[in-house]
Amino acid sequence: MKGFRKDFLWGGAVAANQIEGGWNKAGKGISTADVITKGTHSVPREITQGILEGYDYPSHEAIDFYHRYKEDIALFAEMGFKCFRTSIAWSRIFPLGDEKEPNEAGLQFYDDLFDELLKYNIEPVVTLSHFEIPYHLCKEYGGFRNKKLIDFFAHYAKTVMERYKDKVTYWMTFNEINNQADGYRDLHVFNNSALVFNEGDNKAEVVYQASLNELIASAKAVAIGHEINRNFQIGCMMAYVPVYPYSSNPEDLIASVKAMDRRFFYNDIHVHGEIPAATLRLWETEGYHIDYNKEELQLLREGTIDYIGLSYYMSSTVTALDSIPGWQDGSVDQLKLTDNPYLEKSEWGWPVDPVGLRYTLNILTERYHLPLFIVENGLGAYDKIEADGTIQDDYRIDYLKKHIQQMKIAVEEDGVDLMGYTPWGCIDIVSFSTGEMEKRYGFIYVDKDNEGNGTLERLKKSSFDWYQNVIATNGEEL
Ligand code: P53
C-alpha cells in the first residue's frame, strides 16, 4: 500500500482532567485527579485525602478548556484535524459515581463539546476513564478492588453511550490500563484503579484483582456499546513501552519477555477475552488469590474490542545480569532497567526511539491482527517565546517527523493496518507525571507557567503550520 489510508484519522489528543479545569462547575463531583497535587521535575506529586487547604491542584483550572473549548476547537479545525481525542470526566456525569440518575448539566457539556467538533467535521474519539474516577468510589468502596465498581462503570458507560450514540463512533474504555502493573507505584494505581494500598497488602495481588475487575467492567461496556450502536468502534488503550533485552544474552531476552507478559495480560484479555496462560501460572506459583467466577469469564468473552488504541513515547531496556554497569532496580520482578546506548533522552529522561514505534506496530499486528490507532505520541519539552513572539519548536517537529516516517514504513512495507494518529497534548496541558505546565507537547502554546501565572492566551508554534501541511498531504510531506 502506498501511504496512509484515505480516511486516516489525523488529529490530537488530551484528557479531561489535564485540560478542562472547571473541576466543580455545574454539579461536577471530585475525581481522583482532583486530589493530586502539583509536583516538579524532581518533587513527586502527592495524593491528598480529599481537597485540602494550602495545596495546589493543577486539574482545578488546567487550561480552562471548560470555558474556552470553542476557541481551541477552531484552532484544531484550522490545522485540519479529522478527529480529536478527549475523555469524559466520569464525575461530571455521576458526581459520586454510585448514583442512579446522571447529572444533566454534565451530559449537556459534552453534547455541546461534541456538537462543536462535528460542526467542523471533526470526529470525537472518547476515552471513558482517562486517569480519573469519582473520588467517592475510592473513599467509600476502595476503588476497583471492589467488584461493585464493575456495575458503576457499566452504568456510566451505558449512560454516555446512549446519550452520544449519534455523535461519537470511536470509544476507548480505560486509558493506559497497564500502567498500574509497572512497579505498582502509588500514583499509577490510584489513577488507573482508584486504589490506595493498605498496610499488609500484597501489592501485586491487589493490583491483579483490581485490574481484572476493570477488565470485566471494560468488557461489559464494550458489549453494551455494541448493543446500543453496532457501528461503534470500541478499543482498549495500552501504554506501549517496548522492553528490549540489553544484550543478546538469552537471560536478558527472557527478562524482557517476562516484563512484556505483565503488560500483555491487559491486551490479551481485551482482545481474546481469556486470561493468558502465563498469568494464570504466575497467580498459581505466587499463591495469589484472585476472585472471579464463570459469569465474569463469560463477560470477558462477550466484550472483546474492535481496535487497539496505544500510546507510544519511548522504549526501555532491561538486563537479567548483575554485570551490566549502571542498572537501576525497576521494582517489577527485580527488573534491572539500563540505559540503551543507542538512544538519546528527552529533557525529562524519556528515551527517544522512533524505530521502536515501527517495532511496536509490528509486534501488535502479529499478536492481535486488529487495526491499530496511535492515540498518543509526542515530545514534552520546554518552549521559549522569541522576541518577535514566535515559538520555534523544531525539536518537536523533528521528533514527530521521525515517528511518522516509521509509521509509514510500518504501513507500506510491513502491512500494518493503521487507523489514525493523534499526537498527545495538541494544545499545551498539565503534565500527568509531574503536574507541570512547562512540560509542553502542543502545536498551540498556552500562556501559563508552573506557578499558575499567565493569561491563558493561546499562540501558534512553528509546529502548528508544519502539522497542518502534514494533514493536508495525508503524511506525504513531512
Ligand atoms: P506526561 C508512562 C509512559 C508513557 C505514557 O505524560 C504515560 C505514562 C504515565 O506516566 O502517560 C501518558 O504528561 C498519559 C497521559 C500523559 C502522557 O502520557 O507525564 O496517557 O495522560 O499526559 C504524557 O509527560
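The model is predicted, so local features need pLDDT of at least 70 and side-chain atom pairs count only at pLDDT 80 or more, while totals for chains, interfaces and linings use all residues. Residues are numbered from 1 along each chain as its sequence is written, and side-chain values use heavy atoms, with hydrogens and water left out.

**Overall build**

- The protein contains 14 helices and 14 strands, where helices (H or I, at least four residues) and strands (E, at least two) are DSSP runs numbered from the N terminus.
- A compact globule of 478 residues would have a radius of gyration near 23 Å, and the value of 21 Å for the protein agrees with this; the radius is taken over C-alpha atoms, and the globule rule is 2.2 Å times the number of residues to the power 0.38.
- Taken along the principal axes, the box filled by the C-alpha atoms is roughly 60 × 55 × 50 Å.
- Among the contacts with a separation of 6 or more, 74% join residues 24 or more positions apart, a contact being heavy atoms within 4.5 Å.

**Surface and charge**

- Carbon and sulfur atoms hold 49% of an accessible surface of about 19000 Å², a figure that comes from the Shrake-Rupley method with a 1.4 Å probe.
- The mean positions of the 47 positive and 74 negative charges are 2 Å apart; Lys and Arg count as positive and Asp and Glu as negative, without His and the chain ends.

**The annotated residue Glu-376**

- An unreviewed UniProt entry places the feature "active site" at Glu-376, although such annotations may be inferred rather than shown by experiment.
- Glu-376 belongs to strand E11, residues 372-376, and is buried because its relative accessible area is 4%.
- Beyond its neighbours within four places in sequence, Glu-376 touches several residues, including Arg-85, His-130, Glu-176 and Trp-424.

**Two loop residues with positive phi**

- Asp-64, in the loop between helix H1 (16-19) and helix H2 (65-79), has a positive phi of about 55° although it is not a glycine, and Asp-64 counts as buried because its relative accessibility is 14%.
- Tyr-184, in the loop between strand E4 (170-174) and helix H7 (186-193), is likewise not a glycine and has a positive phi near 50°; Tyr-184 is buried, with a relative accessible area of 10%.

Terms used. The place of a charge is taken as NZ of Lys, CZ of Arg, CG of Asp or CD of Glu. Buried means under 20% relative accessible area, exposed over 50%, partly exposed in between (1.4 Å probe, protein chains only).
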